[in-house]
Amino acid sequence: MPPPPAFAQDTNASRQQIEQLVERFRTAIVDKDTAGFMQLFLREDITWNVVYTDDSVLRYNARLKDTNIPLATRVQSGSPRAFIESIARSKQARSEAISNMRIDTDGEIAQVWFDFAFMIGDYKSAWGKESWQLVRTDAGWKIAGVVWSAEENPAPR
């Protein structure tokens with residue numbers, strides 16, 4: 001018996017919804033909107049890892065004056081809550097510029113990949129590539145994992 005016919009998912013609607021999710025992520029940073037930011041995630045304890053360039057780690061560690069502060073490592077983890085709460089506490093404007101976004105989805109899961117530049121006011125603090133894993137839930141698309149590379153700006157503010 002042949003398998004039942006497969007029907008292609010309409011991924012255009014999914015892509016538009018994912019683009020809206022990315023925009024909500026971006027505006028929550030600008031608006032320092034902790035509650036709105038946290039609603040974008042599947043759970044609070046998702047994968048949240050950055051991989052710093054070798055040069056970034058070397059520069060950071062060379063600037064450390066307090067020997068009680070641990071040296072930086074290339075791979076660091078955190079959480080979306082810690083990230084947005086640090087932004088919300090800051091008196092300076094923060095933003096993330098996103099470009100070259102690519103979305104791959106079957107309508108149920110998705111990967112988003114883009115270039116980013118993290119801004120503190122008009123200072124480009126860091127840049128790199130960012131990758132999200134997404135799942136479509138009953139409440140819409142949610143971010144299930146975030147991994148990014150980062151080059152810290154070698155020019156101090």
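Residues are numbered from 1 along each chain as its sequence is written, and side-chain values use heavy atoms, with hydrogens and water left out. Because the model is predicted, local features need pLDDT of at least 70 and side-chain atom pairs count only at pLDDT 80 or more, while totals for chains, interfaces and linings use all residues.

Helices (H or I, at least four residues) and strands (E, at least two) are DSSP runs, numbered from the N terminus. Two strands are said to pair if DSSP finds at least two bridges between them. Strand β3 (residues 94-105) is joined to β4 by ten bridges, and the two run antiparallel. Ser99 has Asp115 in β4 as its bridge partner. The two strands form a hairpin with three residues between them, and Gly107 in the turn has a positive phi of about 95°. Strand β4 also pairs with β5 in the antiparallel sense, over twelve bridges; here Ala110 is partnered by Leu134 in β5. This hairpin has two residues between its strands, and Gly121 in the turn has a positive phi of about 65°.

Residues are called buried under 20% relative accessible area, exposed over 50%, and partly exposed in between (1.4 Å probe, protein chains only). Nine of the twelve residues of β4 are buried, so the strand is largely enclosed by the rest of the structure.

Strand β5 (residues 123-137) is joined to β6 by ten bridges in an antiparallel arrangement, with a hairpin of two residues linking them. Leu134 stands opposite Ile143 in β6. Strand β6 pairs with β1 as well, in the parallel sense and over six bridges; the partner of Thr47 in β6 is Gly145.

Both β1 (47-52) and β6 (140-152) are among what covers the buried residues of helix α3. In α3 (residues 54-63), the buried residues are Ser56, Val57 and Asn61. Seen down the helix axis, these residues fall within an arc of 125° (taken from the directions from the axis to the C-beta atoms), so they line one face of α3. Leu58, Ala62 and Arg63, on the other side, are exposed.

A nonpolar core is a set of buried Ala, Val, Leu, Ile, Met, Phe, Trp, Tyr and Cys residues joined through side-chain atoms within 4.5 Å. The largest has 33 residues, of which Phe37, Phe41, Trp132, Leu134 and Ile143 touch the most other members. Elements giving two or more residues to this core include α1 (11-31), α2 (34-38), α4 (80-89) and β4 (109-120). Beyond its neighbours within four places in sequence, Phe37 is in contact (heavy atoms within 4.5 Å) with residues including Phe25, Trp48 and Phe83.
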